[in-house]
Amino acid sequence: MAESSKKHFYITTPIYYVNDVPHIGHSYTTIIADALARFKKLAGEEVFFLTGTDEHGQKVERAASEKGLQPIELADKVVDRYKKLWKDLNISYDFFIRTTEPFHEKGVQKVFHKLKDKGDIYKGIYKGWYCISDEYFLPEDVPLEEGDYKICPDCGRKAGIVSEECYFFKLSAYQERLLDFYQKNPTFVRPPSRMNEVVSFVRQGLKDLSITRTTVKWGIPVPGDPDHTIYVWFDALHNYLTGIGYDRDENLFQKYWPANVHLIGKDILRFHAIFWPAFLMAADFSLPQTVFGHGWWLRDETKMSKSKGNILDPYLILKTFGADPLRYFVLREIPIGLDGNFSHEGFIHRVNSDLANDLGNLIQRTLTMIQNYFDGQIEDVSEEEEIDRKLRQDFEKTKERVFQLYEEYALSRALEEIWTYINSVNKYLAENEPWNIAKDRNRKKRLGRILLQTASAIRSIVYFLFPVMPESMAKAWDLLGEEKPIRDEPFSGLRFDSFKAGQKVKPPVPLFPRIALKDFLKEEDIQPDQGSKEEKMEYVTFEEFKKMDLRVGEITAAEKVEGTEKLIKLEVDIGTEKRTMVAGIADVYTAEDLVGKKLAVIINLKPAVIRGIESQGMILAAEIEGKASLSFFDPDVPPGAKVV
Ligand code: MSP
C-alpha cells in the first residue's frame with residue numbers, strides 16, 4: 001500500500017498527574033490504548049499513540065512542597081516511574097508529552113491568545129466553590145452542607161470558596177453548537193450511556209468557565225498578563241494538539257489531527273466531552289471522532305486511588321508474572337466501560353484456566369507432537385476431511401468477528417471470540433486423538449493433516465492475540481518457525497494456509513506457567529528470621545522453579561537394564577507422548593510394581609545417556625538411606641497434568 005493511501009489513526013491516553021505514582025488504574029487506560037494501537041498497525045493503518053504527564057497546577061505544587069521538592073523535581077521523578085512502567089508493560093507509544101516542555105507551553109499560549117483576540121476569552125471576577133484536588137469549580141447545584149461548606153461531588157473532599165479576578169472562556173456560547181454536534185455525531189462519546197450523561201448535563205445549561213488562576217503559580221502564564229496562570233485543565237487538554245505537532249511540526253499535525261479516539265476514565269468525561277470540543281470549536285480546529293470513557297478498577301468496591309489508600313502497585317504482578325498475564329487480565333475481565341473489582345483470585349483464575357490450560361497447553365502439546373512425530377517438520381499430509389474443514393471455516397468466521405470487535409474497541413468480546421476458537425481447536429485435538437494415530441505407522445499422513453490443521457489454527461490465534469499479549473505471542477510466533485515478525489503480516493492477508501507443510505517448528509518453551517495464591521504473597525512470605533536455619537538455605541527463585549516442567553506420568557512399560565543392580569528403563573506416558581526414562585530404583589521396585597502407576601516426572605530435564613539409553617526426563621522419588629521410595633497419584637489423575 002502506498003504511504004499516502006494508508007489510513008491514519010491517532011489515539012491518546014489522558015496525561016497522568018505527577019503527584020501520584022502509577023497504579024493499576026493508570027495502567028489500564030494505557031494498556032487499552034496500546035492494544036488498540038497495535039491492532040490498528042496490524043490492520044495496516046499508520047498509527048500515532050500519544051501518552052504523557054500533566055505536570056502543572058496546585059495539586060502538583062502541593063505534593064512537591066510536602067516532599068520538600070520543587071515541582072519540577074517531583075515531576076522528573078514521577079515521569080521516570082511512568083516511563084519505566086510503560087517499558088515494562090510493553091507500551092508502544094510514539095511520543096511521551098510533558099506539559100512542562102517549552103513547546104507545549106508555547107502552543108497553549110498561542111491558542112489562549114487566539115481565543116482572547118476572538119473574544120471567546122474575557123476578563124472578569126469569579127467567586128465560587130473550588131475543589132483543589134480536582135482543580136475545578138464545583139457546579140452551582142452542588143448543595144451546601146451543614147456548617148456552610150460544599151463537598152466535591154467527584155472526589156468527596158471539602159471544597160473552599162475562591163474569589164478572584166480571572167479570565168473566562170465563553171462556554172455558554174457553545175451550548176447549542178455542542179448539542180447540535182452530539183446529535184449529528186452520536187458516537188462522539190462512547191459507550192452510549194456516557195453520551196446520555198453528557199447531553200443531559202449540557203442541556204441543563206452551561207456557564208462560562210474560569211480558565212486562569214492568580215493563586216496558583218506553578219503553571220503556564222497568561223501571555224501578556226503573567227500574574228495569571230492558565231488553569232491546569234485548559235493547559236492539559238491541549239497536549240492532544242501539541243503532542244502531535246501543533247505549532248511545532250505542521251506536517252505531522254495535519255497528518256493526524258483530529259484524533260480518532262481519546263481514551264479516558266469516566267471520571268474525566270466532562271472535561272473531554274464538553275470543555276474540550278468547545279475549546280476546539282472556538283479555535284477552529286476539527287473535533288475528535290470519539291471520546292471513549294472506560295470504567296474504573298475498584299478494590300473492595302471503591303475506586304482505586306492514592307487518596308483512599310487502596311491502590312494496587314502493578315509491579316506486584318509484573319515482577320512475578322510479567323506483562324502479558326496482566327494485560328490479558330485487565331482487558332478480558334471487564335468490557336471497556338464497566339467497572340471491575342480487582343481480586344487476586346480473579347487474576348489467578350484467568351491465568352491458570354485461560355492462559356496456562358486452554359492456550360499454553362494447546363501450543364505446548366502441538367509443538368511437542370510435531371517435534372516428536374515429525375522431527376519438527378510436517379511433510380506429507382492427507383486430504384482435508386469434513387472435521388478439518390470445520391476448523392478452517394471456524395478460522396474464517398473468527399477472523400471476521402475478531403477484526404470487527406477490535407474495530408469497535410470491544411476488546412473483552414474479541415478475546416471471548418478468540419477463546420471460543422481456542423476451545424474448538426482443543427476439541428478438535430481431543431476428537432482426533434493424534435497421540436493414538438501416532439501408534440499406527442500407516443496413518444502418518446493423517447497424523448500430519450491433524451497437526452498441520454492445528455498448527456495453522458494456532459498461528460492465527462497467536463496473531464489475533466498479539467495486540468493484547470505482544471511479548472509471549474511474538475515468542476510463540478517464533479516457535480512456529482515464522483521468519484518475518486508478526487507486525488509485517490497485515491490482518492487482511494492472514495490466511496489459514498499460511499502455515500504450510502515443510503515449515504520447521506521449534507521445540508516448545510512454556511509460555512504461561514500456572515500460578516497460585518501464594519505467588520502473590522511470596523514477597524512477604526520469604527522473610528526468614530535472623531539466624532534461623534532457613535537463612536543458610538540456598539534458595540531458588542520462583543522464576544527458576546517455574547522453569548521446571550513437572551507432570552503426571554503413567555508408567556506403561558518397565559524393564560531392568562541389563563548388567564546393572566539398580567537401573568530400570570521405564571516407558572512413561574506424559575499425556576502428549578511416551579518418553580523413555582532411566583531410574584535407579586530397581587533394587588526396591590520391580591516392573592510389576594510400576595506398570596500402570598502414575599507419578600511425578602520432570603519432562604524438560606536435559607536428556608542424558610545412561611548405559612547407552614537416552615533418558616528423556618526423570619521420575620521424582622524420595623530417598624531414604626540411598627533407597628528410593630515412590631509416591632503415586634490416584635489412578636484417575638490424567639497423564640500430562642501439571643504438577644505444581
Ligand atoms: N491529569 C488528568 C488528565 C488530563 S488529560 C488531558 C488526570 N490524571 S490522573 O492521573 O488523575 O488520572 C488519569 C486517568 O487514570 C483517569 O482518567 C483514568 O483514565 C485512569 N485512572 C485512574 N484511576 C483509575 C482507576 N482506579 N481505574 C481505572 N482507571 C483510572 O485525571
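Q: Is K266 buried, exposed or partly exposed?
A: This is a predicted model, in which local features need pLDDT of at least 70 and side-chain atom pairs count only at pLDDT 80 or more, while totals for chains, interfaces and linings use all residues. Residues are numbered from 1 along each chain as its sequence is written, and side-chain values use heavy atoms, with hydrogens and water left out. Buried means under 20% relative accessible area and exposed over 50%, with partly exposed in between (1.4 Å probe, protein chains only). The relative accessible area of K266 is 21%, so K266 is partly exposed.

Q: Which residue forms a salt bridge with K266?
A: A salt bridge is a side-chain nitrogen of Lys or Arg within 4 Å of a carboxyl oxygen of Asp or Glu. The closest N and O atoms of this pair are 3.0 Å apart, and the pair links distant parts of the chain, 73 residues apart. The partner lies in the loop between α12 and β17 (340-341), and the residue is D339.

Q: How many residues apart are R327 and D34, whose side chains meet in a salt bridge?
A: Helices (H or I, at least four residues) and strands (E, at least two) are DSSP runs, numbered from the N terminus. R327 belongs to helix α12 (residues 323-333), whereas D34 belongs to helix α1 (residues 24-42).

Q: What distance separates the C-alpha atoms of R38 and V468?
A: R38 is found in helix α1 and is buried, with a relative accessible area of 14%. Leaving aside neighbours within four places in sequence, R38 is in contact (heavy atoms within 4.5 Å) with residues including R327, F466 and P467. R38 and V468 are 430 residues apart along the chain, and their C-alpha atoms are separated by 8.2 Å.
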